[in-house]
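Morning, everyone. Please bring up the model on your screens, and I will walk through it briefly.

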Amino acid sequence: MSLLSEVTVLAVDTETTGMDPAVGARLVEVAHVRIAAGALAEEWSSLVKPGVPIPIEASRVHGIVDTMVADAPAMAEVGRTWRAALADHPLVFHNAPFDLPFLVALCEDGAQPRLTNPIIDTLGLARGLFSVGGNSLGALAQRLQLPAEQAHRALGDTRTTARLLILLAERWEREKGIRSLDELAAVSLDVMRATARR
């Protein structure tokens, strides 16, 4: 039986105005894809009005410009909708240390409960199998022949992250003897800590 066969997990991704919310960077897009019984299921995404201009350097990465978010919902509204959908399901990210601070801020802005959900990081899982280097989401999608998605947009990257989790979870179970989702989450974060700044 697969690690994912009897659980619901949410893959999540964000697009932002910069690298760090502690220095004023804000969300411009957030998405999640539900993984149910080991397959992609419902998906959701929203642009977010950041309340600050989107720097051209950020727009060059994700293609989101100020006019696209002019009528988008504010962070507080998106935070309420997003947090309600999460419930207590485990969350999957590719490079959680980047996305999580933005999502903590999103919940705070919407006066929502803090995130205490288990976290699985596909970057950690990939590094644990393939070593460091060459484990960007795009590189892994190409290496593992995942379906092409719109890169650097939240929904496309979330679909890729979800598909990546399904493949990597199966490999960790088969090759490394991982027997539970909790174990998988723990090892993914252990690898992230061990390979930080490499």
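**The aromatic pair and its surroundings**

Let me start with Phe98, which is partly exposed at a relative accessible area of 21%. On the terms: buried is under 20% relative accessible area, exposed is over 50%, and partly exposed is in between, with a 1.4 Å probe and protein chains only. Phe102 is buried, at 2%. Both residues sit in helix H4, residues 96-109. They are four residues apart, about one turn of the helix.

Before I go on, the ground rules. This is a predicted model, where local features need pLDDT of at least 70 and side-chain atom pairs count only at pLDDT 80 or more, while totals for chains, interfaces and linings use all residues. Residues are numbered from 1 along each chain as its sequence is written, and side-chain values use heavy atoms, with hydrogens and water left out.

Back to the rings. How many aromatic pairs does the structure hold? One. Phe98 and Phe102 form it, with 5.3 Å centre to centre and 45° between the planes, which makes it tilted. The criteria: rings of Phe, Tyr and Trp (its six-membered ring) pair if their centres lie within 6.5 Å; planes under 30 degrees apart count as stacked, over 60 as edge-to-face, and the rest as tilted.

**The whole chain**

Now the fold. The protein chain has eight helices and five strands. These are DSSP runs numbered from the N terminus: helices are H or I with at least four residues, strands are E with at least two. The order from the N terminus is β-β-β-α-α-α-β-α-β-α-α-α-α. The radius of gyration is 16 Å, close to the 16 Å from the globule rule for 198 residues, so the chain is as compact as a globular protein of that length. That radius is taken over C-alpha atoms, and the rule is 2.2 Å times the number of residues to the power 0.38. Along the principal axes, the C-alpha atoms fill a box of roughly 50 × 30 × 30 Å.

Of the 198 residues, 45% count as buried. Contacts next, meaning heavy atoms within 4.5 Å. Among contacts with a separation of 6 or more, residues 24 or more positions apart account for 69%.

His32 is in strand E2, residues 27-36. Is His32 buried or exposed? Buried, with a relative accessible area of 5%. Leaving out residues up to four places away in sequence, His32 touches Leu10, Ala11, Val12, Glu42, Glu43, Trp44, Trp82, Ala85 and Thr158.

Gly110 is in the loop between H4 and strand E5, 119-121. Gly110 is buried too, at 5%. With the neighbours up to four places away set aside, Gly110 touches Ala76 and Arg80. The C-alpha atoms of Gly110 and Ala70 are 19 Å apart, at 40 residues along the chain.

**Positive phi**

Last topic, backbone angles. Most residues other than glycine have a negative phi. Asn95 has a positive phi of about 80° and is not a glycine. Asn95 lies in the loop between strand E4, 91-93, and H4. Its relative accessible area is 29%, partly exposed.

Where does Gln145 lie? In the loop between helix H6, 137-143, and helix H7, 154-176. Phi of Gln145 is near 55°, again positive in a residue other than glycine. Gln145 counts as exposed, at 72% relative accessibility.
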